[in-house]
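Biologist: I am new to this structure and would like to go through it with you. Could you bring it up, please?
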Amino acid sequence: MKDPAFRMTMLFDFYGDLLTERQREFYDLYHNEDLSLAEIAENYGITRQGVRDVIIRAEAILNDFEEKTGIVARFLRTRSALEQISGLVEEIDWRNQGQLHDLKLSQLTGEIRRQLDGLEE
């Protein structure tokens, strides 16, 4: 993942529930709600440095979970592979309709699409 903001969003989506409530709140306010450290500090009656420390700690925890489990990386690889499979099924179906007109092949590509759709739910 080259985009650091996207990476942190994915990590938070997958592992955010493993943070403390305070870490989750501050992280969400800073990264998702786009509040500044000063705004969060003012709302919670603590220093800007205190807010920063909580957010840095939360980011470290999220990165540590991903380093140990690799769940987000595996999810992204799987999603990419499913998109490629879907594209290949479309191409097979297109070629079948244009040249072969094989009913069984149409049924098989339809079943593959249904299976792919089931994985996206």
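Biologist: How do the residues of the lining of the largest pocket divide into nonpolar, polar and charged?
Modeller: This is a predicted model. In it, the lining of the largest pocket has four nonpolar, two polar and three charged residues.

Biologist: Which residues are they?
Modeller: The largest pocket is lined by Phe75, Thr78, Arg79, Leu82, Glu83, Ser86, Leu116, Leu119 and Glu120.

Biologist: Which helix gives the most to that lining?
Modeller: Helix α5 does, with six residues. Both α5 (71-100) and α6 (103-120) supply at least two residues each.

Biologist: And what is the volume of the largest pocket?
Modeller: The volume is about 170 Å³.

Biologist: Let us stay with α5. What should its 30 residues span, and how far apart are its end C-alpha atoms?
Modeller: At 1.5 Å a residue, α5 should span 44 Å, and its end C-alpha atoms are 41 Å apart, which agrees.

Biologist: Which residues of α5 are buried, and what do they pack against?
Modeller: Val72, Leu76, Val89, Asp93 and Asn96 are buried in α5. The buried residues of α5 pack against α1 (4-15), α4 (48-69) and α6.

Biologist: What comes just after α5?
Modeller: His101 is found there, with a positive phi of about 55°.

Biologist: A change of topic: where does Gln23 lie, and is it buried or exposed?
Modeller: Gln23 lies in helix α2 (residues 21-32). Gln23 counts as buried because its relative accessibility is 10%, and buried means under 20%.

Biologist: What does Gln23 touch?
Modeller: Leaving out residues up to four places away in sequence, Gln23 touches Val54, Arg57, Ala58 and Ile61.

Definitions and conventions:
Residues are numbered from 1 along each chain as its sequence is written. This is a predicted model: local features need pLDDT of at least 70, side-chain atom pairs count only at pLDDT 80 or more; totals for chains, interfaces and linings use all residues. Side-chain values use heavy atoms; hydrogens and water are left out. Helices (H or I, at least four residues) and strands (E, at least two) are DSSP runs, numbered from the N terminus. Buried means under 20% relative accessible area, exposed over 50%, partly exposed in between (1.4 Å probe, protein chains only). Contact means heavy atoms within 4.5 Å. On a 1 Å grid over the protein atoms alone, a cavity is a set of points where a 1.4 Å probe fits but cannot get out, and a pocket is an open set with protein on both sides within 12 Å along at least five of seven lines; lining residues have an atom within 4 Å of a point. Grid points are joined across faces, edges and corners, and a volume is the space filled by probe spheres set on the points. Ala, Val, Leu, Ile, Met, Phe, Trp, Tyr, Cys and Pro count as nonpolar, Asp, Glu, Lys and Arg as charged, and the others, Gly among them, as polar. The expected span of a helix is 1.5 Å times one less than its number of residues.
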